Amino acid sequence: MQTIHLKAPKGWINDPNGFIYYNGEYHLFYQHFPYAPRWGRMHWGHAVSSDLMNWKHLDVALFPTKTDDCDGCFSGSAIEKDGELHLLYTGVRYDAPDPENTNCCLNDKFTAAQLHISSKDGFSFDNFGGKATVIPPISDPDIGDRNHTRDPKVWRGGDGNYYLVVGSTVNKAGRLLFYRSADLLHWDYVNYAAADGYGWMWECPDYFKVDGRDVLVFSPMGIEYGNQAVCTLVDFDERSCSMRIGGDYQFLDYGLDLYAPQSTIDKSGRRIVVAWLRMPEPMDNNAIGMYSMPRVCEVKNDHIFFRPHPEIRAKFNKRIASPAGIYMVKASLSDGEAINIGGYVVKKENGRVVADRSGVIRNHNELRNSFETPALNGAADIEAYVDGNMIEVFLNGGEYVITNAVYDLSDYVSGNVELYTLSDAEE
Ligand code: FRU
């Protein structure tokens with residue numbers, strides 16, 4: 001059992017996949033290379049939880065078996081239909097494997113198709129007999145790219161049809177491709193959406209409605225600070241699958257370590273999001289990669305909020321005098337004030353919150369180690385969740401979040417703070 005955050009049980013994990021509340025449990029799959037703490041031919045690892053806090057890892061759910069996914073089962077999503085769990089994901093076939101490491105390919109060149117597999121119970125997946133290619137590699141370069149088209153996110157439309165969006169690229173500009181289906185197996189291409197200023201390829205798109213607004217969360221490659229997860233308010237018309245994407249975006253998280261978020265609906269109907277924490281080196285178990293805690297996405301005054309999941313937050317109800325295990329730090333900072341969480345410094349400066357992890361990132365001087373929010377209106381109320389290799393700093397109830405990978409945190413917290421840990425039952 002793992003508490004609060006899903007962490008790699010061994011080897012490597014990256015994107016969250018197939019996140020769904022199904023038959024009374026949360027299923028969370030993950031991009032996984034089980035053999036070493038580095039990226040390689042992708043599998044889907046699988047974990048379940050009844051409360052979004054305690055995660056139990058199960059056997060690998062998807063692994064390469066078909067020509068179209070022989071070099072990896074890339075990211076995708078889940079949906080329930082007629083009581084069964086359906087997964088849509090990207091299968092890849094390398095153009096040329098790297099002779100020195102055939103788990104990878106040369107020059108980032110591969111062929112991508114979209115595949116479907118279903119499961120009667122959410123636990124057993126017939127990798128040999130149950131897979132079907134439902135969207136073959138794209139052959140029209142004016143529509144999308146044969147190589148870089150991936151990460152289907154599926155949902156049920158208001159008209160009863162199913163819809164999916166995949167990320168792609170044309171002429172070095174990222175775009176989304178929208179498809180429609182009546183049965184999850186036969187898909188028709190409907191439309192695309194693009195916008196200037198969002199890099200050359202869009203990974204892991206996720207579209208949903210929250211608080212009456214259309215939200216797009218995606219991970220464009222080649223924007224400010226490289227490949228980053230962003231979110232923006234859009235207008236989507238279901239019938240034509242046209243999406244208007246403006247130029248303004250928020251980062252999903254201002255720590256810039258989170259990537260490839262995926263959302264689902266929790267058992268109470270909240271839109272929740274988890275994301276992959278990019279880590280520069282393995283954790284103590286020699287495995288690498290973990291996920292943020294699920295955050296509730298809301299839109300207020302044209303701003304997208306990501307607040308801690310209330311059921312998890314409520315568990316941090318035991319006041320403690322000094323830090324131990326997994327804990328939460330509460331503070332309120334005015335300009336010029338700072339707190340220090342075991343070597344991770346959070347301060348308020350020039351109306352912004354600034355986090356500095358340079359003391360807790362070993363010798364990774366190649367990384368950016370200071371992060372800041374946009375300007376805030378007034379004080380900064382802080383709730384920071386600390387779990388070994390990850391600190392998640394929520395500001396003003398999720399107005400902004402700064403999350404970072406950290407190593408070797410010390411056992412002290414200084415500044416004007418209150419500390420809480422999990423109620424005894426959860427320890
Ligand atoms: C994002 C990503 C996805 C892809 C997967 C491969 O991190 O590159 O676009 O499906 O990871 O592991």
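**Ground rules.** I number residues from 1 along each chain as its sequence is written, and my side-chain values use heavy atoms, with hydrogens and water left out. Since I have a predicted model here, local features need pLDDT of at least 70 and side-chain atom pairs count only at pLDDT 80 or more, while totals for chains, interfaces and linings use all residues.

**Entry 1, aromatic pairs.** I began with the rings of Phe, Tyr and Trp (its six-membered ring), which pair if their centres lie within 6.5 Å; planes under 30 degrees apart are stacked, over 60 edge-to-face and the rest tilted. By this rule I get 26 aromatic pairs. One of them is the tilted pair of tyrosine 207 and phenylalanine 236, at 4.6 Å centre to centre with 50° between the planes. Tyrosine 207 lies in strand 16 (residues 201–210) and phenylalanine 236 in strand 18 (residues 230–237), so this pair ties together parts that are 29 residues apart in sequence. My strands are DSSP runs (E, at least two residues), numbered from the N terminus.

For the record, buried means under 20% relative accessible area, exposed over 50%, and partly exposed in between (1.4 Å probe, protein chains only).

Next I looked up tyrosine 254 and tyrosine 400, an edge-to-face pair with 5.2 Å centre to centre and 90° between the planes. This pair links distant parts of the chain, 146 residues apart: tyrosine 254 is in the loop between strand 20 (250–251) and strand 21 (258–265), and tyrosine 400 is in strand 34 (residues 400–405). Tyrosine 254 is buried, with 10% relative accessible area, and tyrosine 400 is buried with 10% as well. I also find both in a cluster linked by ring pairs, together with Tyr198, Trp202, Phe218, Tyr225, Tyr249 and Phe251.

The charged end of arginine 175 sits over the ring of tyrosine 192, 3.8 Å from its centre. Lysine 300 has its charged end over the ring of phenylalanine 305, 4.4 Å from the centre.

Strand 12 (residues 150–156) has six of its seven residues buried, so the rest of the structure largely encloses it. I find strand 12 and strand 13 (residues 162–170) running antiparallel, joined by five bridges; pairing takes at least two DSSP bridges. Arginine 156 has tyrosine 162 of strand 13 as its bridge partner. Five residues lie between the strands of this hairpin, and glycine 160 takes a positive phi near 90°.

Which residues are around the ligand? With a heavy atom within 4 Å as the criterion, I list Asn14, Asp15, Gln31, Trp39, Met42, Phe74, Ser75, Arg150, Asp151, Glu203, Tyr259 and Trp276. Strand 2 (12–22), strand 6 (73–81) and strand 12 each supply at least two residues of this shell.

A ligand oxygen is 2.7 Å from a side-chain N or O atom of glutamate 203, and a ligand oxygen is 3.0 Å from one in the side chain of tryptophan 39. The protein covers 92% of the 320 Å² of accessible area that the ligand has on its own (Shrake-Rupley, 1.4 Å probe).

Glutamate 337 is in the loop between strand 27 (327–333) and strand 28 (338–341), and is partly exposed at 36%.

Technical notes:
Helix = DSSP H or I, 4+ residues; strand = E, 2+ residues; numbered from the N terminus. Lys NZ or Arg CZ within 6 Å of the ring centre and 35° of its normal. Polar contact = N/O pair within 3.5 Å; in protein donor to acceptor, adjacent residues only side chain to side chain.
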